[in-house]
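User: Please take a close look at the aromatic rings in this structure. Which ones pair, and how do they sit in the core?

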Amino acid sequence: MKIKMELPKIPADLPILNEEMYSVRSKDELRMGSVEDMILDNMDAVKVSLDKMTFKNVTIMESSLPESEWTDVIFDKCDLSNVHLSGSFIHRVEFRNCKLLGTDFSRSRLQNVRFVDCLGDYSVFRFSNFKQVGFEDCSLMSADLYHLTLQKTFFTRCNLDQAMLSGSKLNGVDLSDCEFDGLQVDIEDLNGCMISPHQASSFVGLLGLVIK
């Protein structure tokens, strides 16, 4: 499914800002820089602003950065597993080849955000607002996608097995090339959702039917 999205607007030849990352505090603003090849742990800050930044081969561990605002940012081969980011605003951001196992994006606003070749099993997006958001070639097994507001959102060649989608209206969402044996979803939320013929059997139980 083709959806026009705004790409991150990032200048070339950004200066390295590795040292600045070690001292990030609440309401800090970092802009116009690159962070590369480092491990950050036990970060605990609220409302951190990132603007026109790139992160490559960066691991963030045991950290909480809720209510952050990220604009024009690229994460490439980064590990943000289990990082707490709830209530954040994420705009024109790309996650490429990233580990997002259990990452908490709940109650966040995501606009013009791409996830490409990411491992996002058990990630949490519940009660988030998606506008022009794409997941491409991602694993989202058992991801929590409960009660999302979806506008121009697509999932391409993703593994959604056992993902929680209850309360998320899937009208216009194309899941036909995604992989799953089952989804946690309410039958009324499937109205207008596009699936392939071989996926239809996964939803038979929701209709109270028995295949014989």
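Analyst: What follows goes from ring pairs to the core around them.

This is a predicted model: local features need pLDDT of at least 70, side-chain atom pairs count only at pLDDT 80 or more, and totals for chains, interfaces and linings use all residues. Residues are numbered from 1 along each chain as its sequence is written, and side-chain values use heavy atoms, without hydrogens and water.

The structure holds 14 aromatic pairs. Rings of Phe, Tyr and Trp (its six-membered ring) pair if their centres lie within 6.5 Å; planes under 30 degrees apart count as stacked, over 60 as edge-to-face, the rest as tilted. Phe-125 and Phe-135 are edge-to-face, at 5.8 Å centre to centre and 90° between the planes. Phe-125 lies in the loop between β5 (109-116) and β6 (129-136), and Phe-135 in strand β6. Strands are DSSP runs of E, at least two residues, numbered from the N terminus. Both Phe-125 and Phe-135 are buried, meaning under 20% relative accessible area with a 1.4 Å probe, protein chains only.

Phe-135 also pairs with Phe-155: the centres are 5.1 Å apart and the planes at 5°, so this pair is stacked. Phe-155 lies in strand β7 (residues 149-156), so the pair ties together parts 20 residues apart in sequence. Phe-155 is buried too.

Ring pairs join these residues into a cluster that includes Trp-70, Phe-75, Phe-95 and Phe-115.

The largest nonpolar core has 57 residues; Phe-75, Phe-95, Phe-115 and Leu-160 touch the most other members. Such a core is a set of buried Ala, Val, Leu, Ile, Met, Phe, Trp, Tyr and Cys residues joined through side-chain atoms within 4.5 Å. Strand β2 (49-61) gives the most to this core, with five residues.

Methods
Helix = DSSP H or I, 4+ residues; strand = E, 2+ residues; numbered from the N terminus. Buried < 20%, exposed > 50% of the residue type's maximum accessible area, 1.4 Å probe, protein only.
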